[in-house]
Amino acid sequence: MQRLSAVLTLVIALLVVVVASAQPSEPGPRAASPAKEFDRHPRVTRADQQLLARAGGWLWWVDGDCNASAINLATLRVRHVEGQHCRVWPNPQGTLALAPIGGSADLIAERRLAVIDLKDPRGLRQVATIHHQDGVLASPVAWDAGGENAAFCITSPAGTEVIRVTAYEWEQRVIRNACDPVWLGGDRLAFVRDDRVVDARGRALPLRDLLLRTLRGGDAKITALAANRSRPELVAIGVARRAQYGRAVPPAALVVADLRGIGVSYRRGDSAAVRETGIAPDGRAAWFVDGETGRSHLEAGPLPPAGPGNIPIEAWRYAWSDGGAFLAVAEDHRVEVFDWRTGQSAVVDNISARDLAWVR
């Protein structure tokens with residue numbers, strides 16, 4: 001009888017083990033399936049490694065699920081940022097980055113920016129938070145050349161304001177009735193106020209006549225601004241016709257000009273207003289984001305020479321290397337890096353980038 005009891009006990013114990021092992025385990029809050037992590041890992045062929053190493057630096061991207069990652073083009077080391085961030089703005093030195101917190105649906109109400117330490121050997125994680133309770137983010141983050149100061153715009157029912165912060169202290173200085181901040185040469189802050197580009201002293205740059213000529217009449221509304229910070233100093237301006245209550249209506253245009261108001265313009269006809277702009281460090285090209293499609297378009301700048309003919313003029317995003325010798329182009333499932341002088345290219349495959357940044 002004792003032997004029968006022992007056998008029954010053993011059988012019941014084995015059944016409990018089998019049933020328990022068949023139950024699906026609940027993943028932890030930060031667990032990720034191996035397949036998902038592999039999906040985020042870029043691929044580079046041996047033949048393309050030499051050009052990427054020559055280009056160098058860290059190429060940052062954000063995918064459609066708001067995952068932010070970076071690849072060192074010289075070593076092909078890949079790093080992923082913890083959490084969801086639909087944009088990421090690293091400073092030029094690649095030591096810090098600012099990023100909105102949460103997925104795309106959260107950005108409507110989100111009023112915080114994450115500070116991410118890019119040199120932490122333990123991983124890329126948020127180390128501080130910048131609160132902007134008065135409004136939501138309304139511009140990209142602009143860093144000065146030294147990577148010590150950043151500026152961004154927020155908007156609220158009361159209007160717009162530029163917030164300037166200093167790295168590591170993160171104290172905020174507010175500039176009222178301003179938006180779309182950029183840094184000019186010598187780390188001079190400029191921004192848009194009353195649809196004029198003005199410097200931190202409130203002096204307007206002489207660009208208004210060029211903008212009005214571009215629109216062929218009517219008041220001009222500036223919808224985006226970027227600057228190159230080098231010689232010659234250039235700005236890339238998204239502009240549209242200003243309608244009642246300050247609305248931007250067609251025609252829309254991209255204007256690339258020096259600080260004297262001399263430049264070129266590209267009219268967009270009845271297209272949606274330009275949402276964001278960027279410009280090459282040497283001024284040879286500029287890009288803009290279509291406000292309706294979210295796609296980016298590349299245009300020649302006012303300075304020769306023009307880029308190679310094999311570079312796509314439409315893509316998800318563009319990013320230049322630090323000196324402007326190379327251009328990264330985000331296409332559907334890859335990023336292609338072009339030598340601006342020769343047109344040679346190399347591909348970083350298995351990346352679905354919707355945002356790009358390139359730093360040292």
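**Disulfides and ring contacts in a predicted model**

With -105 degrees about the S-S bond, the disulfide of C153 and C179 has a left-handed geometry. Because C153 belongs to strand β10 (residues 149-156) and C179 to strand β13 (residues 179-184), this pair ties together parts that are 26 residues apart in sequence. The structure is a predicted model. A search of the whole structure finds two disulfides, and the aromatic count comes to one pair.

**Disulfide C153–C179**
- The sulfur atoms of C153 and C179 are 2.1 Å apart.
- Both C153 and C179 are buried.

**Disulfide C66–C86**
- C66 is bonded to C86 through a disulfide, with 1.9 Å between the sulfur atoms.
- The link of C66 and C86 is right-handed, with 80 degrees about the S-S bond.
- C66 is located in the loop between β1 (58-63) and β2 (68-72), and C86 in the loop between β3 (78-80) and β4 (89-90), so the bond ties together parts that are 20 residues apart in sequence.
- C66 counts as buried because its relative accessibility is 7%, under the 20% limit.
- C86 likewise counts as buried, because its relative accessibility is 13%.

**Disulfide pattern**
- When the bonded cysteines are counted along the protein chain, the disulfides follow the pattern 1-2, 3-4.

**Aromatic pair W320–W340**
- By the rule applied, the count comes to one aromatic pair. W320 and W340 form this pair in an edge-to-face arrangement, with 6.5 Å centre to centre and 65 degrees between the planes.
- The pair links distant parts of the chain, 20 residues apart: W320 is in strand β24 (residues 317-320), and W340 is in the loop between β26 (334-339) and β27 (345-349).
- Both W320 and W340 are buried.

**Charges over the ring of W316**
- The charged end of R354 sits over the ring of W316, at 4.1 Å from the ring centre.
- R295 also lies over the face of W316, at 4.8 Å from the ring centre.

- G217 is found in the loop between α4 (208-215) and β16 (220-227).
- G217 counts as partly exposed because its relative accessibility is 33%, a value between the limits of 20% and 50%.
- Apart from neighbours within four places in sequence, G217 is in contact with L212 and R241.
- G217 and R241 are 24 residues apart in sequence, and their C-alpha atoms are 8.4 Å apart in space.

Notes. Residues are numbered from 1 along each chain as its sequence is written. This is a predicted model: local features need pLDDT of at least 70, side-chain atom pairs count only at pLDDT 80 or more; totals for chains, interfaces and linings use all residues. Side-chain values use heavy atoms; hydrogens and water are left out. A disulfide is a pair of cysteine sulfur atoms within 2.5 Å. Helices (H or I, at least four residues) and strands (E, at least two) are DSSP runs, numbered from the N terminus. Buried means under 20% relative accessible area, exposed over 50%, partly exposed in between (1.4 Å probe, protein chains only). Contact means heavy atoms within 4.5 Å. Rings of Phe, Tyr and Trp (its six-membered ring) pair if their centres lie within 6.5 Å; planes under 30 degrees apart count as stacked, over 60 as edge-to-face and the rest as tilted. A charge sits over a ring if NZ of Lys or CZ of Arg is within 6 Å of the ring centre and within 35 degrees of the ring normal.
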